[in-house]
Amino acid sequence: MPAREAIKSLAREAGLVIIFDGRKVKSDIRVAIDPNTSPKAALEIVLEKMELQLKPVGVNTYAITEKKAESAPPAIVTA
């Protein structure tokens, strides 16, 4: 299933409103959905594969944003 279609379908099944920039979700990416996974968990898995994430912006409303790299803790320098 195309990623955009999967995102819309999973959001609808989970009862979520999803806001996203269509340019960030490539139309040529296809995904498989595990029917044993909850719709929200499946949505998060799909987004993870595209280095995207859900960001809460309201009640049951999320924006899809780029996943930021985990920053490493500051190095401790000893003399």
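**Fold, contacts and backbone**

Modeller: Helices α1 and α2 come out roughly antiparallel to each other. Bear in mind that this is a predicted model.

Colleague: What pattern does the protein chain follow, read along the sequence?

Modeller: The secondary structure comes to two helices and three strands. Read along the sequence, these elements give the pattern α-β-α-β-β.

Colleague: Are α1 and α2 roughly parallel or roughly antiparallel?

Modeller: Helix α1 covers residues 3-14 and helix α2 covers residues 39-49. They pack at an angle of about 155 degrees, with axes 8 Å apart. Angles over 145 degrees count as roughly antiparallel. The pair α1 and α2 is therefore roughly antiparallel.

Colleague: Is the crossing of α1 and α2 left-handed or right-handed?

Modeller: The two helices pack with their axes 8 Å apart. The way α1 passes α2 is left-handed.

Colleague: How far apart in space are Lys40 and Ala11, C-alpha to C-alpha?

Modeller: Lys40 sits in helix α2. Its relative accessible area is 32%, so Lys40 is partly exposed. In sequence, Lys40 and Ala11 are 29 residues apart. In space, their C-alpha atoms are separated by 7.0 Å.

Colleague: What separates the C-alpha atoms of Glu5 and Arg30?

Modeller: Glu5 belongs to helix α1. With a relative accessible area of 46%, Glu5 is partly exposed. Glu5 and Arg30 are 25 residues apart along the chain. Their C-alpha atoms are separated by 9.3 Å.

Colleague: What share of the protein chain do buried residues make up?

Modeller: Buried means under 20% relative accessible area. The protein chain has 79 residues, and the buried share is 27%.

Colleague: How many salt bridges does a search of the whole structure find?

Modeller: Arg23 pairs with Asp21 in a salt bridge. Lys24 pairs with Glu66, and Lys67 with Glu48. For the whole structure, the search finds three.

Colleague: Take Arg23 and Asp21. Which residue of that salt bridge counts as exposed?

Modeller: The closest N and O atoms of the pair are 2.8 Å apart. Exposed requires over 50% relative accessible area. Asp21 has 27% relative accessibility, so it counts as partly exposed. At 72% relative accessibility, the exposed residue is Arg23.

Colleague: Are Lys24 and Glu66 buried or partly exposed?

Modeller: Lys24 has 38% relative accessibility. Glu66 has 49%.

Colleague: Why does the salt bridge of Lys67 and Glu48 tie together separate parts of the chain?

Modeller: The closest N and O atoms of Lys67 and Glu48 are 2.6 Å apart. Lys67 lies in the segment after β3 and Glu48 in helix α2, so the pair ties together parts whose spacing in sequence is 19 residues.

Colleague: What are the relative accessible areas of Lys67 and Glu48?

Modeller: Lys67 is partly exposed. Glu48 is partly exposed too. The value for Lys67 is 35%, and for Glu48 it is 44%.

Colleague: Which residues make the nonpolar surface patch of about 260 Å²?

Modeller: One member lies in strand β2 (residues 52-58): Val57. With a relative accessible area of 48%, Val57 is partly exposed. The patch is made by Val17, Ile19 and Val57.

Colleague: What is the phi of Glu51?

Modeller: Most residues other than glycine have a negative phi. Glu51 lies in the loop between α2 and β2. Its relative accessible area is 59%, so Glu51 is exposed. Although not a glycine, Glu51 has a positive phi of about 60 degrees.

Colleague: And what is the phi of Asn60?

Modeller: Asn60 is placed in the loop between β2 and β3. Asn60 is partly exposed, at a relative accessible area of 45%. Asn60 is not a glycine, yet its phi is positive, about 55 degrees.

Technical notes: Residues numbered from 1 in each chain as written. Predicted model: local features only at pLDDT ≥ 70, side-chain atom pairs only at ≥ 80, totals over all residues. Heavy atoms only, no water. Patch = residues over 30% accessible without salt bridge, like charges linked within 9 Å, V, L, I, M, F, W, Y side chains within 5 Å. Areas by Shrake-Rupley, 256 points an atom, 1.4 Å probe, with all protein chains shown as cover. Salt bridge = Lys/Arg side-chain N within 4 Å of Asp/Glu carboxyl O. Helix = DSSP H or I, 4+ residues; strand = E, 2+ residues; numbered from the N terminus. Buried < 20%, exposed > 50% of the residue type's maximum accessible area, 1.4 Å probe, protein only. Axes fitted to C-alpha atoms, helices over the stretch in contact; angles between N-to-C directions. Parallel < 35°, antiparallel > 145°, perpendicular 65-115°, else oblique. Left-handed = near helix turned anticlockwise from the far one by under 90°.
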